[in-house]
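Work through each task with the sequence and the model in view before reading its solution.

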Amino acid sequence: MPQITRQGGKIKAPEAPRISSALRPAEGIELEDDAILKGLRFDGAAFVGLEVEAAEADSCEFASVRFTGSNLRQSQFSDSKFDTCDFSQVSAGDVSLIRCTVNGSRLTGSSWKAGTFRDVRVSGCVATPGMFRNMKIYATVFEDCRFTGIDFQFTEMHNVRFLNCDLAGAQFGNGKIGSMRIENCTLIDVGGGGYLRGTTVAGPGSMELAMSLAREAGIAFE
């Protein structure tokens, strides 16, 4: 498995979803309490404004699915793909994504709390604003994402990589950071930069982060 070497450890690439090559069309199947979804393809479904608890999805594909405004609790999605989905204003409490990909999706105004991302790849997504508080994020890559003002406070991160992301105004206060790499990202006005100690930063964002750290330390430049 490819790895990125860094001082103090290695960043492990996320495992790919293990999805069956013979998915069944999910016609008439709903996302509801205690639902167990397996080997299904949802295409253009509308799960809008739902209250869902303890649902499970395994080896599924969600294409252009709208989860807008739904409240998801204590649910798990594993070995699944989300392509051009809408998670706007979703409230996700204790929700886990395990070996999943999220591509070209909208997470604006979504709130993820006390859940787990493990072996997840998030690509080309927008969350301005968005919240990932008190999360456990492991072996996860965020690439080409617009995360202006995103809130990662109180979140535990290990083997995490940000690549070509807009993290202007992002908040990392009170985070617990293990191995992490931030590469070619915008890091203007980042908050809680002191909690990124040990993180490897590469590209033009290095100076932006240095300025943010200086401001937190009360250093003024003239």
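**Exercise 1. Determine which strands pair with strand 10, and in which sense.**

Solution. Step 1: Strand 7 (residues 56–58) is joined to strand 10 (residues 76–83) by three bridges, in the parallel sense. Strands here are DSSP runs of E with at least two residues, helices are runs of H or I with at least four, and both are numbered from the N terminus; two strands pair if DSSP finds at least two bridges between them. The model is a predicted one, in which local features need pLDDT of at least 70 and side-chain atom pairs count only at pLDDT 80 or more, whereas totals for chains, interfaces and linings use all residues. Residues are numbered from 1 along each chain as its sequence is written, and side-chain values use heavy atoms, with hydrogens and water left out.

Step 1: Within strand 10, Q76 is the bridge partner of E56.

Step 2: Strand 8 (residues 61–63) also pairs with strand 10 in the parallel sense, over three bridges, and F62 has F82 as its bridge partner there.

Step 3: Seven bridges connect strand 10 with strand 12 (residues 96–103), again parallel. Q76 stands opposite S96 of strand 12.

**Exercise 2. State the strand order of the five-stranded open sheet and explain why its edge strands each have a side without a neighbour.**

Solution. Step 1: The order is 6-9-11-13-15, with parallel pairing.

Step 1: Strand 6 (51–53) and strand 15 (131–133) stand at the edges; each has a single partner strand, so one side of each is left without a neighbour in the sheet.

Step 2: From one strand to the next, the twist averages 10 degrees, an angle between N-to-C directions on a scale from 0 to 180 degrees, with axes fitted to C-alpha atoms.

Step 3: V52 has L72 of strand 9 as its bridge partner.

**Exercise 3. Describe the cavities of 30 Å³ or more and their linings.**

Solution. Step 1: The whole structure contains two such cavities. A cavity is a set of points on a 1 Å grid over the protein atoms alone where a 1.4 Å probe fits but cannot get out, and lining residues have an atom within 4 Å of a point. Volume is the space filled by probe spheres set on the points, which are joined across faces, edges and corners.

Step 1: The largest cavity has a volume of about 70 Å³. Its lining includes F87, L97, V102 and W112, and strand 12 and strand 14 (116–123) each supply at least two of its residues.

Step 2: The second largest cavity holds about 50 Å³. Among its lining residues are F67, L72, F77 and F82; strand 10 and strand 12 are the elements that give two or more residues.

How values were computed. On a 1 Å grid over the protein atoms alone, a cavity is a set of points where a 1.4 Å probe fits but cannot get out, and a pocket is an open set with protein on both sides within 12 Å along at least five of seven lines; lining residues have an atom within 4 Å of a point.
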